[in-house]
Amino acid sequence: MSLDCLRKYIGGILLVSLCFFGFYEPVQQLVNIPNTVKVMEGDQVALPKAGSVTAMSSLNDKNVALHQEKGLLSIQGKAVGKDEVVLELAGLPVKKVNVEVLKDFKVIPGGQSIGVKLNTVGVLVVGHHLVDTDKGKVSPGEKAGIQVGDMITEINGKKIEQLADVAPFVQKAGEESKSMEVVIKREEEIVKTSLMPLKEKGEDGYKLGLYIRDSAAGIGTMTFYDPKSQKYGALGHVISDMDTKKPIVVEDGEIVNSEVTSIEKGSGGKPGEKLARFSADRNVIGNITRNSPFGIFGELNQSVENNILDKPMRIALSHQVKEGPAEILTVVDGSKVEKYDVEIVSTIPQKFPATKGMVIHVTDPELLEKTGGIVQGMSGSPIIQDGKLIGAVTHVFVNDPTSGYGVHIEWMLSEAGIDIYKQNHERAS
């Protein structure tokens, strides 16, 4: 056999060996074990089935404890800090897992029905209309390049905060036949334009040819609040304008108690809806400082109770959520918060914030009878599993109202300004 043939023969054997090695079960198990694990203080996290992979040691026994039984390897967080766990296969060190133990953190779950009132930054353009002038029909606003979804924040150098601020400028500009200098916020862009109001035939007032609005209102569900800072999170998704379908940029706002008056049940192709009204006393229970993809956030000015679970509850990180039974807290009649059974159909351990972390399915016969499943207004209902708050209901599947999405609680906490990782870093240092 020539030297070249021998090389090819040996190379072929090595290639086949590597292929089989890749299918070797212990090797596949090693690949499935994450390089980094985060665990709350006092919690225990099971790694994927380890088989013949064993935990060799940790650098600091003060932070973590290792448990292995019947091929299952788990890491328990003993004290806040960082550690490294070395795994071995057949007596040889093969992988290092970085472990970060986070400070145990608790919040109080919600479930209450809340009324939401948002004040926008400036006034929101929600449509165009034609002004019937002596020279024909025209929309001055559209002609000036103003688009649906734009926020008018300034006119002639003066800040616009509400709808009533606009009319005096419009009338004066029309009477003086002088264009208004308008500043617009268009997503992340600032646009300046000139806008000349026009008089409609048979009327004394002047018009912009724009439909504008300065606030929005609706209902949703409280998810959690921190009893120490009074910071809260609700809804689990962004509030968008009903006309423009774009997220509302919040100047400020407030939440009030609300009462569910009736339910429109969901059916295939059409989501159901909670019909509710603001409580008669219009008692403001908190402010709104942020409207983000993960919900609305602010601070409460008084304590709120659900009369079911009003004590601080531990949270679960995204990788701790598992498929199986869970519960949600929500209101379907009046202001009474009730507990209902659901199933976590799937969950994605997320390293970075994302709004769709879980798929949930309503299994509770009573809730299915009352609502048909998940309905509008239920967004923000806290999801609880094994005595921990794991997330909130966000969206319903249009073609299957018994199922929908949930968001992991750690991302809502972050949006509320509660950084569980920063707390850990401060203590660890």
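Two strands count as paired if DSSP finds at least two bridges between them. The exercises below apply this rule to a predicted model.

**Exercise 1.** Determine the order of the strands in the open sheet that contains S2, S4 and S5, and explain why one side of S2 and of S4 lacks a neighbour.

*Solution.*
Step 1. The sheet has 3 strands in the order S2-S5-S4, and their pairing is antiparallel.
Step 2. Strand S2 (44–46) and strand S4 (64–69) stand at the edges with a single partner strand each, so one side of each has no neighbour in the sheet.
Step 3. On average, neighbouring strands of this sheet are turned by 25° against each other, direction ignored.

**Exercise 2.** State how many bridges link S4 and S5, and name the residue of S5 that stands opposite Ala65.

*Solution.*
Step 1. S4 and strand S5 (residues 72–77) are linked in the antiparallel sense by 6 bridges.
Step 2. The residue opposite Ala65 is Gln76 in S5.

**Exercise 3.** Describe how strand S32 is connected to S31 and S28, and decide whether S32 is mostly covered or mostly uncovered.

*Solution.*
Step 1. Strand S31 (residues 388–397) pairs with S32 over 6 bridges in the antiparallel sense, and a hairpin of 2 residues joins S31 to S32. Within this pairing, Val393 has Gly406 of S32 as its bridge partner.
Step 2. Strand S28 (residues 358–362) is joined to S32 by 4 bridges, and these strands run antiparallel. Here Ile360 stands opposite Gly404 in S32.
Step 3. A residue is buried when its relative accessible area is under 20%. In S32 (residues 400–408), 7 of the 9 residues are buried, and the strand is mostly covered.

Terms used:
Residues are numbered from 1 along each chain as its sequence is written. This is a predicted model: local features need pLDDT of at least 70, side-chain atom pairs count only at pLDDT 80 or more; totals for chains, interfaces and linings use all residues. Side-chain values use heavy atoms; hydrogens and water are left out. Buried means under 20% relative accessible area, exposed over 50%, partly exposed in between (1.4 Å probe, protein chains only). Axes are lines fitted to C-alpha atoms, for helices over the stretch in contact, and angles run from 0 to 180 degrees between N-to-C directions.
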